[in-house]
Amino acid sequence: MARTRQRVFVYGLLRSDQSMHDLLDGARDLGIATLDGYDLVDLGRYPGAIPGDGTIVGELVELRNEEQLAMLDQAEGCDRTPPLYERVDVTVRGKAAWLYVYAGDVTGMPRIPSGDWARRR
């Protein structure tokens, strides 16, 4: 069954105060949110969410259309082989949303204890 609304939980460079936020132009901001069951890994220039015991901080946004979702998939490297990120279903504040989960090896990569990329330093 197709979703009628495409929501995405963004936690890194797509957040409103970060460098790639312009990819969300025209999307509806649903506010700051948290997501349990994931850890945030510091990959250097950007973060990656991975399944874990923590909570990550981000923003919930409702996209304009399917084309915007496809553009995000491309920006997040979902179409690469192997993919950089994989898009998975999550529930944020009782709403179905997509989450981009890092698909690479995180061995030796530092975790961000706060779960908040914007407050990592």
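Let me begin with arginine 120, whose charged end sits over the ring of tryptophan 117, 3.6 Å from the centre of that ring, and please keep in mind throughout that what we are looking at is a predicted model. There is another arrangement of this kind in the structure, where the charged end of arginine 87 sits over the ring of tryptophan 98, at 4.3 Å from its centre.

From there I would like to turn to rings that pair with other rings. How many aromatic pairs does a search of the whole structure find? The search gives two. One of them is formed by tyrosine 46 and tyrosine 85, a tilted pair with 6.5 Å from centre to centre and 55° between the planes. Tyrosine 46 lies in the loop between strand E2 and strand E3, while tyrosine 85 belongs to strand E4, so this pair ties together parts that are 39 residues apart in sequence. Tyrosine 85 also forms an aromatic pair with tyrosine 102, and this one is edge-to-face, with 5.4 Å between the centres and 75° between the planes. Because tyrosine 85 is in strand E4 and tyrosine 102 is in strand E5, the pair ties together parts that are 17 residues apart in sequence. Taken together, the ring pairs link Tyr46, Tyr85 and Tyr102 into a cluster.

Which of these tyrosines are buried, and which are partly exposed? Tyrosine 85 is buried, with a relative accessible area of 4%, and tyrosine 102 counts as buried too, at 15%, whereas tyrosine 46 is partly exposed, at 24%.

Next, let us look at strand E1, residues 7–10. In a regular strand the side chains alternate between the two faces of the sheet. In E1, Arg7 and Phe9 point one way and Val8 and Val10 the other way, and all are buried. E1 runs antiparallel to E3, joined to it by four bridges, and E1 pairs with E5 in the parallel sense over two bridges.

Aspartate 116, in the segment after strand E5, counts as buried at 8% relative accessibility, and, leaving aside neighbours within four places in sequence, aspartate 116 is in contact with Arg15, Leu40 and Val57.

Conventions: Residues numbered from 1 in each chain as written. Predicted model: local features only at pLDDT ≥ 70, side-chain atom pairs only at ≥ 80, totals over all residues. Heavy atoms only, no water. Buried < 20%, exposed > 50% of the residue type's maximum accessible area, 1.4 Å probe, protein only. Contact = heavy atoms within 4.5 Å. Pairing = 2+ DSSP bridges. Phe/Tyr/Trp six-rings, centres within 6.5 Å; stacked < 30°, edge-to-face > 60°. Lys NZ or Arg CZ within 6 Å of the ring centre and 35° of its normal.
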